[in-house]
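Here are some friendly notes to read beside the model. I have kept to side-chain geometry and grouped the points by topic.

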Amino acid sequence: MKLQNRLRLLLIAGLTLSLCAFSFPSSANTPQSVIQKNKTTSERIARIENGLLPALAIKGKPAKKFSLIERLRFHKVPGVSVAVINNYAIEWAKGYGVKDVETNEPVTVDTMFQAASISKPVATIGMLRLVQAGQLNLDEDVNVKLKSWKVPDTSFVKEKSVTLRELVSHSAGLTVHGFRGYAATETVPTLVQLLNGEKPANSARIINDIEPQKIWRYSGGGFCVMQLLMTDTTGKAFPQIMQEKVLSRIGMTNSTYRQPLPVERAKQAATGHRASGQIVKGKWHTYPEMAAAGLWTTPMDLAKLAIEVQKAKLGKSARLLSQAMTEQMLTRQFQNWGLGFNLEGKDNKATFGHGGANEGFRCQLTAFVNGGQGAVVMTNSDTGGALAQEIIRAIAAEYGWAQSFIIEREVASVDAKVYQTYVGEYTTPLGKLSVTVEGDSLLVELQGQGKIEIYPESEVKYFTPEVANLSLVFNKDENGKTISITIRQGAQEIPAKRLP
């Protein structure tokens with residue numbers, strides 16, 4: 001998402017929202033849900049719906065809470081679907097908003113979203129089932145069983161060959177981080193064309209430019225190699241392998257790796273939306289990189305998979321993987337990556353999960369290795385990532401998760417007189433920015449929108465709790481007079497020049 005768009009959203013007053021050419025459908029206030037019939041659960045859902053939490057909290061102060069419906073509007077996300085795992089079961093699932101801003105159809109628990117990179121750990125489980133069956137070997141050179149294509153023979157693989165263990169832990173040294181897929185009007189390449197970077201592929205050739213196990217580097221390209229190895233070994237199409245080995249075995253009835261999405265499934269699918277609120281051309285992209293990004297699914301189905309992993313870890317289920325294989329999957333192979341999953345924390349804070357970002361879709365799966373808790377959130381917008389994290393933080397707080405996922409920041413002590421030197425109006429590419437002081441608070445307001453409070457990290461650098469990596473730096477001349485503000489988000493920045 002461009003910084004300009006992000007900032008425009010951030011400078012909207014907390015609950016009095018101006019939507020900038022984005023009309024939020026009325027049906028969004030009619031959630032579609034599956035809830036265990038329990039008063040306590042209903043009360044918990046209500047608290048979560050009114051208790052979304054920002055990435056940052058001010059140390060010593062309670063975090064500001066937001067309404068889920070208000071945050072849908074704030075982030076320009078048409079629809080979101082949520083499933084919550086508690087005590088090794090799906091305690092509740094619920095859909096909010098709409099599948100498509102033009103049709104105004106509501107999101108339900110059966111609405112399918114693109115899982116994007118969450119496709120990777122699911123595909124890894126399919127691969128590990130082939131390992132359990134003796135058809136594949138985690139530590140064998142993948143070229144031994146690859147038939148229709150080989151990992152290119154370069155100087156980087158002279159001493160050490162590429163293995164499946166390295167592919168799914170992003171340590172194989174392969175190129176190509178991710179994929180943008182193919183719009184409805186574009187020709188879709190074969191997997192071999194994609195691996196070779198040949199037209200009509202829109203991504204580069206997948207090749208080693210680093211020796212295996214030298215560094216950790218995220219590589220969707222590696223999962224394309226795994227996909228081909230699975231099809232070459234079994235002689236079956238990848239969607240069929242995954243249907244047989246994973247999806248059908250645990251009742252993931254609203255899931256498929258078929259690309260493009262079959263016509264009979266299209267009515268069930270959410271439409272992807274851009275940061276502007278506009279629909280992705282053709283509603284969604286097609287991803288021949290199925291293992292890396294091609295899964296269509298629901299939070300409930302992904303929650304079923306997460307629960308199977310949790311139970312297998314305890315030795316209480318082997319419908320997907322044995323306890324020993326699950327232990328391997330949830331053991332760090334390289335840095336914070338197991339086999340397919342990102343692993344964070346230790347002991348009771350240990351989690352496994354993955355995020356996802358396809359064109360027009362953002363999602364997140366987070367589950368605990370021990371204790372049977374977790375959540376899945378899926379959205380149909382490029383701006384849905386922040387919303388997904390806010391929802392997960394609210395779930396974490398309500399269910400008393402060992403991990404809160406909130407970063408606490410200390411506020412520096414700054415003389416109130418300093419605030420007065422910043423008061424004034426500044427010009428930006430987004431319009432006029434006003435800086436004011438109210439009581440002990442320093443506030444900024446973009447023209448035509450509401451005020452938000454900013455907090456000092458130092459005398460000149462300020463932040464807002466709503467976004468972890470946004471900062472405003474007040475710049476002074478040689479006489480100590482404030483002349484501009486530099487607004488930064490990550491490596492990007494917007495200048496704001498003070499007006500006379």
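Is Cys-224 buried or exposed? Cys-224 is buried, at a relative accessible area of 0% (buried is under 20%, exposed over 50%, partly exposed in between, with a 1.4 Å probe and protein chains only).

Before the points, a word on the ground rules. This is a predicted model, in which local features need pLDDT of at least 70, side-chain atom pairs count only at pLDDT 80 or more, and totals for chains, interfaces and linings use all residues. Residues are numbered from 1 along each chain as its sequence is written, and side-chain values use heavy atoms, with hydrogens and water left out.

1. Cysteines. Searching the whole structure gives zero disulfides (a disulfide being a pair of cysteine sulfur atoms within 2.5 Å). For Cys-224, the closest cysteine sulfur belongs to Cys-363 and is 17 Å away, too far for a bond. Cys-363 also counts as buried, with 6% relative accessibility.

2. A tilted pair. The whole structure holds 14 aromatic pairs. Among them, Trp-216 and Tyr-218 have ring centres 6.4 Å apart and planes at 55 degrees, so this pair is tilted. The rule pairs rings of Phe, Tyr and Trp (its six-membered ring) if their centres lie within 6.5 Å; planes under 30 degrees apart count as stacked, over 60 as edge-to-face and the rest as tilted. Trp-216 is partly exposed at 25% relative accessible area, whereas Tyr-218 is buried at 15%.

3. An edge-to-face pair. Phe-341 and Phe-352 have ring centres 5.0 Å apart, and their planes are at 70 degrees, so the pair is edge-to-face. Phe-341 is in the loop between α12 (323–329) and β7 (342–344), while Phe-352, eleven residues away, is in strand β8 (residues 351–358). Both Phe-341 and Phe-352 are buried. Helices (H or I, at least four residues) and strands (E, at least two) are DSSP runs, numbered from the N terminus.

4. A ring cluster. Tyr-419, Tyr-422, Tyr-462 and Phe-474 are linked into a cluster by ring pairs.

5. Arg-71 and its rings. The charged end of Arg-71 sits over the ring of Phe-66, 4.0 Å from the centre. Arg-71 also lies over the face of Phe-74, at 4.1 Å from that ring centre. The criterion is NZ of Lys or CZ of Arg within 6 Å of the ring centre and within 35 degrees of the ring normal.

6. Glu-398. This residue belongs to helix α13 (residues 384–399). Leaving aside residues up to four places away in sequence, Glu-398 touches Arg-44, Arg-47 and Ile-48 (contact means heavy atoms within 4.5 Å).
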